[in-house]
Amino acid sequence: MMGVSSEHLHGLYSDSDDPWNFRTSAYERVKFAATRRALSRGRYRSAFELGCGNGELAKQFVDLCVRYTGMDAVNRAVDAARETVPSASFVTGFYPCALPQDDYDLLILSEILYFLDQCSIERLAQEITDRWPHAEIICVSYLGETGNDLQGHDAVSTFMAAMSETHEFERGKQACDYRIDRGLPRGAT
């Protein structure tokens, strides 16, 4: 099983820096608002979003964070994110790769896990366990057909199982085509 290739991701952005219509979609706005409501706190020291796309989700969270860092595999997306949220930091990286250094207390994995393969998901879980064991984790997963090897439900289930020793997950929202899960460090709930 393989995750999605870098070429595939660049292809998604070949015609637009907004291939999923994040800026104009009412569906995305509702999902972004539900994601924000899933948070357990009103303020965070430092947040990291893997797969930040063009920064439209970051725009919903940046006011809750002293520092916000997003990473995406596509330069066009990162450039758009920098324009969308100039106060945040955005870097280019195709996971698995080195993740930014900071003492993150919020990790956002919105519709990214099913772009990875099982080994990469397990590696990400181990990195979080090693580096940010006390961070809150928000996972948003699309429940429809992704066209990828892993589907949203399977990817998030793999991730939550790999995080089970350090985090307890609860469903924040279930809609017909997406779900939001929040992971809090064990003992913090």
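**Close-up views of a predicted model**

A search of the whole structure finds zero disulfides, a disulfide being a pair of cysteine sulfur atoms within 2.5 Å. This is a predicted model, in which local features need pLDDT of at least 70 and side-chain atom pairs count only at pLDDT 80 or more, while totals for chains, interfaces and linings use all residues. Residues are numbered from 1 along each chain as its sequence is written, and side-chain values use heavy atoms, with hydrogens and water left out.

View 1. Cys65 is buried, with a relative accessible area of 6%, whereas Cys176 counts as exposed at 76% (buried means under 20% relative accessible area, exposed over 50%, and partly exposed in between, with a 1.4 Å probe and protein chains only).

**View 2. Helix α2, residues 26-37.** Helices (H or I, at least four residues) and strands (E, at least two) are DSSP runs, numbered from the N terminus. The twelve residues of α2, at 1.5 Å a residue, should span 16 Å, and the 17 Å between its end C-alpha atoms agrees with this (the expected span is 1.5 Å times one less than the number of residues). The buried residues of α2 are Glu28, Lys31, Phe32, Ala34 and Thr35. They cover an arc of only 165° around the axis, which puts them on the same side of α2; the arc is that of the directions from the helix axis to the C-beta atoms. The face turned away from this buried side carries the exposed residues Ala26, Val30 and Arg37.

**View 3. Helix α4, residues 75-84.** Its buried residues are Ala77, Val78, Ala80 and Ala81. Seen down the axis of α4, these residues fall within an arc of 160°, so they line one face of the helix. An α-helix has 3.6 residues a turn, so residues three or four places apart point the same way. The buried residues of α4 pack against β2 (65-72) and β3 (89-92), where contact means heavy atoms within 4.5 Å.

**View 4. Strands β4 and β5, a parallel pair.** Strand β4 (residues 106-110) and β5 pair in the parallel sense over five bridges, and two strands pair if DSSP finds at least two bridges between them. Leu107 has Ile137 in β5 as its bridge partner. β5 is mostly covered, with six of its seven residues buried.
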